[in-house]
Amino acid sequence: MKQILFSCLAICLSVAASAQTYTFESGVPSNFSATNGTLTSTTEHYKEASRSLMWEANGVSTLTISDLDFQMTSSSALYMQMYLPQVTNDTLVFQFFYNGAVKREGRVLCNFRGWRELQRQYSQFGQGNNPYADKAVFTLHPASSGKRYICFDNLKLKASPDASYIPGCMWVLDYNYF
């Protein structure tokens, strides 16, 4: 009986832990939406398996991930693979909301080309202690006019942080939090 209960608990915990992980192999998740842009699942650029999420933006654009339910603790992190086809020096703002209020906010400078691994512990965002999140909004603020796209793969909203991760120059706008 104990073994059955342990197995059920292990399955429930693994489902809960993976609920905030997106690989985009089955397309664009139903809780993802974009304003002033489009979201597609693409095979053009990918890092894990065979697909990634392509966000095509025209001007200031937002990518919203709704229906979330997780706690941003000091032992968890935002993690993703991010692809840029060219250096644009755009600013990508990550905001995490709970009940309509911003609980965490961070910025990435799009000063690279190709794939980059991005990781940021929630304690490195500098706002509050262990808040919950029910929505994430990524806002692209372009440095110049024109259409552009970003690809994301292996997006984890509640990842285990890698202690050996060294923040790259893309986090320069928030260097004081590291």
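This tour moves through the structure stop by stop, naming what to select and what is found there.

**Before selecting anything**

The model is predicted, so local features are reported where pLDDT is at least 70 and side-chain atom pairs where pLDDT is 80 or more, while totals for chains, interfaces and linings use all residues. Residues are numbered from 1 along each chain as its sequence is written, and side-chain values use heavy atoms, with hydrogens and water left out.

**The whole chain**

Show the protein as a cartoon: there are 1 helix and 11 strands, where helices (H or I, at least four residues) and strands (E, at least two) are DSSP runs numbered from the N terminus. Along the sequence the pattern reads α-β-β-β-β-β-β-β-β-β-β-β. Among contacts (heavy atoms within 4.5 Å) between residues at least 6 apart in sequence, 77% join residues at least 24 apart. Switching to a surface, the accessible area comes to about 9,200 Å², of which 51% belongs to carbon and sulfur atoms; such areas come from the Shrake-Rupley method with a 1.4 Å probe, and for residues only the protein chains shown count as cover. Of the 178 residues, 44% count as buried, a word that means under 20% relative accessible area, with exposed meaning over 50% and partly exposed lying in between (1.4 Å probe, protein chains only).

**The nonpolar cores**

Select Met82, Leu92, Phe96, Phe138 and Phe152, which touch the most other members of the largest nonpolar core, a set of 36 residues. A nonpolar core is a set of buried Ala, Val, Leu, Ile, Met, Phe, Trp, Tyr and Cys residues joined through side-chain atoms within 4.5 Å. Strands that each supply at least two residues of this core include strand 2 (32–42), strand 3 (52–65), strand 6 (91–98) and strand 11 (147–159), and strand 3 gives the most, with 5 residues. A second, separate core of 5 residues can be picked out next, with Tyr83, Trp115, Tyr149 and Cys151 among them. In soluble globular proteins, nonpolar side chains tend to be buried together.

**The cysteines**

Stay with Cys151, which is buried with a relative accessible area of 0%, and then select Cys110, which counts as buried at 1%. The structure holds 0 disulfides, a disulfide being a pair of cysteine sulfur atoms within 2.5 Å.

**The salt bridge**

Select Arg148 and Asp90, which form a salt bridge with their closest N and O atoms 2.5 Å apart; the term requires a side-chain nitrogen of Lys or Arg within 4 Å of a carboxyl oxygen of Asp or Glu. A search of the whole structure finds 1 salt bridge. Because Arg148 lies in strand 11 and Asp90 in the loop between strand 5 and strand 6, the pair ties together parts that are 58 residues apart in sequence. Arg148 and Asp90 are both buried.

**Gln95**

Move to Gln95 in strand 6, which is buried at 17% relative accessible area. The Gln95 side chain makes a polar contact of 2.7 Å with the side chain of Glu105, where a polar contact is a pair of N or O atoms within 3.5 Å; within protein, one must be able to donate a hydrogen and the other to accept it, and residues adjacent in sequence count only if both atoms are side-chain atoms.

**Leu68**

Finish at Leu68, in the loop between strand 3 and strand 4 (70–71), where this residue is buried at 6%. The C-alpha atoms of Leu68 and Asp134 are separated by 4.2 Å, although the two are 66 residues apart along the chain. Not counting residues up to four places away in sequence, Leu68 touches several residues, including Gln20, Tyr22, Asn31 and Leu157.
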